[in-house]
Amino acid sequence: MPNKLTHYIGGRAVAGQAATWDAIYNPALGTAIAEVPLDDSAAVDQAVQTAHDAFPAWAATPILERARIMFRYRDLLVRHRGELQASVTQEHGKIASDAANEVGRGIEVVELAAGAPQLLKGELLNQVAHGVDVSLSRVPLGVVAGIAPFNFPAMIPLWMIPPALVSGNTMVFKPSERTPLTALLLYELLMQAGLAPGVLNIVHGGSVVVDTLLQHPEVKAVSFVGSQPVAEHVYRTAARHKKRVQALGGAKNFHVVMPDANWDRTLEGLAGSAFGSAGERCLAGSVAVAVKDAGDRLIDAMTRRIRTMRIGDGRDPESEMGPLIRERHRDRVRDYIKLGVAEGARLVYDGREHRVPDSGYFLGPSLFDGVQETMRIAREEIFGPVLSVIRVDTLEEAVELANRSRFGNTATLYTQSGGAARYFRSHVQAGMVGINIGVAAPVAWFPFAGWKDSFYGDLHATGTDAFWFYTERQVVTERWD
Ligand code: NAD
């Protein structure tokens, strides 16, 4: 029988009392590795109460001590890097180099959080009137909640947990019910770094647990990352319950290819973006907009590139792409391929015919040409290894097309022209812009800055935004005669 996961509340393992449980699979093998409780809302109450009780002592812990826990945590994460990467590959399926990048990106956030004493410093203006001084300080909110998606089992928990805790909050964190195992390793290492029990609590579950958190009166803020419809639901519900919210949603990312682009870089960037992590990234390049004669060259080179792509278990160093997360999700991506054909796009390369292992939820890379903006494959997030090519005559047309998308997570331009690059970044409506970069994920010192339906809220994850999100400002005006 697969191992039944427990919650971690107040530093102790707490057995799940759920009516419904779900299996967690190794998607490369299609075998169950553990079971997760889905609807244990009593555990949410217990975890929030525990976090609430732990808050006063943690908020009063000197900021330097909180930051030193982050330093120790960073060292432990580096020491256990291999284990974390293996866990990501086991439960998500992504290949080892992708898993290594993800863990590295997560560690960067801990490095950012270790600098909290500098980031959380306040402001002071003396003598605004005779004998009157004004100061601003940043104070923690109380209990905050973090809710994560399946596709970055290490990095996204690390977007949320270190900035929230180092700012003096206590937290209830809910990992994805499909990839919760890496979050448990992250939790264990943080406890080893010296975190007091009750400051961070892990509750497993699905939508019932999320909704309980969103409505809980003691939860002051909610950080969410997931699909667009759920992000919108989380934003609306949490706001109705008077909480501060940052809700990062889905995406449809456009990569514009100019005829003057450096072809090696373009191919590497675009293939890595569209097919890396089997297309299960919120920054995945999903539509390539080819300007003028870039189209023929792109289709030709990309077909040659993907034909030989090795699909297999992420643990195999030869694999270039791993499986999709679940069978149901693979069926959904296959349905999009059928839909693209039915909509009249030309399926240049069919990933359903690609050689893949027999076990697990593998699907080869697919390439469509002749895609029209109105087609659903050009508008909806597929979240799988499918690249659609749309052809246009000018850069302006390409930018207008990208801007008509309801999403605005990222957009990339491949060119060797500074003028084109400058036009692109000043006109394209996306929060994260790449110039000759396939996955323009900002380093931790900048915000992860989606726009439009890719993000609901004001302050983003990471960068100084994260610290502003997790703190309230207090302004003191005082007179001393
Ligand atoms: P998801 O929306 O299915 O799940 C995300 C979280 O929401 C999970 O913890 C899940 O338990 C919970 N949830 C699911 N359905 C719910 C419901 N009806 N009510 C309340 N909670 C619910 O997302 P996913 O499939 O795990 O992740 C992939 C999605 O996340 C993609 O759309 C991807 O673009 C997006 N994503 C966005 C970013 C970003 O930075 N914008 C980053 C990573 C992933």
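Arg 391 is partly exposed, at a relative accessible area of 36% (partly exposed lies between buried, under 20%, and exposed, over 50%, with a 1.4 Å probe and protein chains only). This is a predicted model, in which local features need pLDDT of at least 70 and side-chain atom pairs pLDDT 80 or more, while totals for chains, interfaces and linings use all residues. Residues are numbered from 1 along each chain as its sequence is written, and side-chain values use heavy atoms, leaving out hydrogens and water.

A salt bridge (a side-chain nitrogen of Lys or Arg within 4 Å of a carboxyl oxygen of Asp or Glu) joins Arg 391 to Asp 369, with the closest N and O atoms 3.0 Å apart. Arg 391 belongs to strand β17 (residues 386-392) and Asp 369 to strand β16 (residues 366-369), so the pair ties together parts 22 residues apart in sequence; strands are DSSP runs of E with at least two residues, helices runs of H or I with at least four, numbered from the N terminus. Asp 369 is buried, at 6%. A network of salt bridges links Asp 296, Arg 346, Asp 369 and Arg 391.

## Other salt bridges

The count comes to 23 salt bridges. Among them, Glu 320 and Arg 305 meet at 3.0 Å, N to O. This pair links distant parts of the chain, 15 residues apart: Arg 305 is in helix α11, and Glu 320 in the loop between α11 (294-307) and α12 (327-343).

Lys 174 and Glu 177 also form a salt bridge, at 3.5 Å, N to O. Lys 174 is buried, at 2% relative accessibility, whereas Glu 177 is partly exposed, at 25%.
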